[in-house]
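Subject: Structure for your review

Dear colleague,

Please find the structure below, followed by an account of what was found in it.

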Amino acid sequence: MALDPNEDASLPEPIRRFLPAFSGQPLGPLLTQALRSLARRRPETFERLGEFGKARFLIDPTDLPFAFHVVPDGHAALVRATGKSGPSPSDVVIRGPILLLLGILDGTLDGDALFFHRAISVSGRTEAVVALRNAIEDAELRPSDLLGLKGAVARLTDSGILGGLSLVRQIATGAHRRERTQP
């Protein structure tokens with residue numbers, strides 16, 4: 001997806017209304033298990049983080065009512081989904097619409113370009129962000145990697161998830177265009 005810095009990539013309002021703050025709670029344990037499983041299968045991805053494996057990342061999807069606190073510490077990785085009330089101790093804060101953040105993770109979007117276009121914001125220990133970005137890019141992660149899938153099932157899963165994300169991005173972008181052009 002080509003980035004137009006003037007486009008709003010947020011989830012459309014009708015979708016956001018159906019996502020209460022507590023809807024992120026089940027994601028924490030699931031994502032924790034996915035990261036720990038990935039660390040067992042691909043330890044080099046986490047070794048690439050070096051000292052920043054223990055860094056605390058706050059990933060704040062601006063269009064969701066919850067945020068993720070991530071410590072990508074290999075076998076001890078931890079992900080918590082929490083509400084957005086009050087400050088939370090973190091070394092790095094990354095904010096932006098969920099569809100853009102997922103695009104960075106799956107490699108379909110360029111995080112540097114999104115940052116320079118101010119579509120996402122990053123604050124805190126920049127060296128930790130650079131280490132995370134490099135680890136993600138070098139790993140060339142696909143959705144099937146996080147799920148531990150292989151072969152034809154992995155290819156089918158990747159196609160379905162990445163195709164679905166692309167479709168949702170197109171729908172979100174189109175919905176925001178229509179909102180701006182309607183009187």
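A residue is called buried when its relative accessible area is under 20%, exposed when over 50%, and partly exposed in between, with a 1.4 Å probe and protein chains only. This is a predicted model, in which local features need pLDDT of at least 70 and side-chain atom pairs count only at pLDDT 80 or more, while totals for chains, interfaces and linings use all residues. Residues are numbered from 1 along each chain as its sequence is written, and side-chain values use heavy atoms, leaving out hydrogens and water.

Threonine 32 has 6% relative accessibility and therefore counts as buried. This threonine 32 lies in helix 2; helices (H or I, at least four residues) and strands (E, at least two) are DSSP runs, numbered from the N terminus. Leaving aside residues up to four places away in sequence, threonine 32 touches Ala77, Leu78 and Val79, contact being heavy atoms within 4.5 Å. Other residues buried in helix 2 include Gly28, Leu35 and Leu38. The buried residues of helix 2 pack against helix 3 (43–47), strand 2, strand 3 and helix 7 (143–147).

Isoleucine 59 touches Ala67, Phe68, Val70, Ile94 and Leu101, not counting residues up to four places away in sequence. Leu101 is one of the buried residues of helix 4.

Yours sincerely
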